[in-house]
Amino acid sequence: MRLGTEAKVSVAFEDKPPTRIDSRSLSELKGLSGARSNPHHNILGLTHAVPSASLKLTPNMLVDGNGVACVVPSLVLTLGFAEFEVYLAKELKDPCRRRIVEEHENEHAAVWRNHWRAGARLLETALRNALAKPSYSSNQDEAVNEMTCRVNDAVGPLLRQLKDGAIAANQQIDSPASYQFEANRMRACP
């Protein structure tokens, strides 16, 4: 029982603002976005995020006189971004239109950052609940292997759900109604 209280789970989000890139052309942004060819739609801005997660795992183990091992994990999971860029097309020279596109892309960046920040708190609780119980194995090596599998089985699906949630929220920002609203705002520019 005492070993179970030694299990430690820490999940942190390392926040960083996206890098701003203004040197790409409309056609380059369209290529980066993977958007299908649409003659009536230009990609004026693009937010690119590649989430990252690094896991440091340490076994807390007790071994009895017969070699039976009891183990709980101590883990530190750090969430962040391997790549995080906001692109604005170099052809976008008008300050009013540029501001509108930049605001739209900043919404996307905020979704990624907010999902990962909130996800760190949610994942910590979920992982504590999933991993706090000790497991028993016939030897130390088996105990470490089983613990590693348990952690990976718990962490992997949670990270996929977090990423899927961020993607879904970003898709809502890019709805036809949202694009129409942004187009109307741009038409109102002087």
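Mentor: Begin with the strands. E1 and E4 run parallel and are joined by six bridges. Within that pairing, valine 11 stands opposite leucine 77 in E4. Keep in mind that this is a predicted model.

Trainee: How far should I trust the prediction?

Mentor: Look at the pLDDT. Where it is low, the predicted coordinates should not be read in detail. Here the mean pLDDT of the protein is 90, and 93% of its residues reach 70 or more. Confidence is lowest in helix H1 (residues 2-5), at a mean of 55, and highest in strand E2 (residues 19-21), at 96.

Trainee: Back to the strands. In which sense do E2 and E4 pair, parallel or antiparallel?

Mentor: E2 and E4 pair in the parallel sense, over three bridges. Arginine 20 stands opposite valine 86 in E4.

Trainee: How many bridges join E3 to E4?

Mentor: Strand E3 (residues 45-63) and E4 are joined by 19 bridges and run antiparallel. Glycine 45 stands opposite leucine 88 in E4. The two strands form a hairpin with five residues between them, and in this hairpin glycine 67 takes a positive phi near 90°. E4 also runs antiparallel to strand E5 (residues 135-137), with three bridges. In that case alanine 69 stands opposite serine 137 in E5.

Trainee: Is E4 mostly covered or mostly open, and how would I tell?

Mentor: Count its buried residues. In E4, 17 of the 20 residues are buried, so by the cut-off of under 20% relative accessible area the strand is mostly covered.

Trainee: What should I look for among buried residues?

Mentor: In soluble globular proteins, nonpolar side chains tend to be buried together. The largest nonpolar core here has 27 residues, and those with the most contacts inside it are Val11, Leu77, Leu79, Trp116 and Leu127. Strand E1 (8-13), strand E4 (69-88), helix H3 (95-131) and helix H4 (140-173) each give two or more residues to this core. Apart from it lies another core, of seven residues, including Cys96, Ile100, Val101 and Met186.

Trainee: Which residues is leucine 77 in contact with, leaving aside its neighbours within four places in sequence?

Mentor: On that basis leucine 77 is in contact with Ser10, Val11, Ala12, Ala53, Ser54, Leu55, Leu123, Leu127 and Val155.

Trainee: How do I read the aromatic rings?

Mentor: Check the distance between ring centres, then the angle between the planes. There are five aromatic pairs by this rule. One of them joins phenylalanine 81 and phenylalanine 84, at 4.4 Å centre to centre with 20° between the planes, and this pair is stacked. Ring pairs link Phe13, Phe81, Phe84, Trp112 and Trp116 into a cluster.

Trainee: Why are phenylalanine 81 and phenylalanine 84 called buried?

Mentor: Buried means under 20% relative accessible area. Phenylalanine 81 counts as buried because its value is 8%, and phenylalanine 84 because its value is 2%.

Trainee: Where is glutamine 140, and is it buried, exposed or partly exposed?

Mentor: Glutamine 140 has its place in helix H4. Its relative accessible area is 44%, so glutamine 140 is partly exposed. Leaving aside its neighbours within four places in sequence, glutamine 140 is in contact with Met61, Val63 and Ala69.

Trainee: What separation do the C-alpha atoms of glutamine 140 and tyrosine 87 have?

Mentor: They are separated by 50 Å, and the two residues are 53 residues apart along the chain.

Notes:
Residues numbered from 1 in each chain as written. Predicted model: local features only at pLDDT ≥ 70, side-chain atom pairs only at ≥ 80, totals over all residues. Heavy atoms only, no water. Core = buried A, V, L, I, M, F, W, Y, C linked by side-chain atoms within 4.5 Å. Buried < 20%, exposed > 50% of the residue type's maximum accessible area, 1.4 Å probe, protein only. Helix = DSSP H or I, 4+ residues; strand = E, 2+ residues; numbered from the N terminus. Contact = heavy atoms within 4.5 Å. Phe/Tyr/Trp six-rings, centres within 6.5 Å; stacked < 30°, edge-to-face > 60°. pLDDT = per-residue confidence, 0-100. Pairing = 2+ DSSP bridges.
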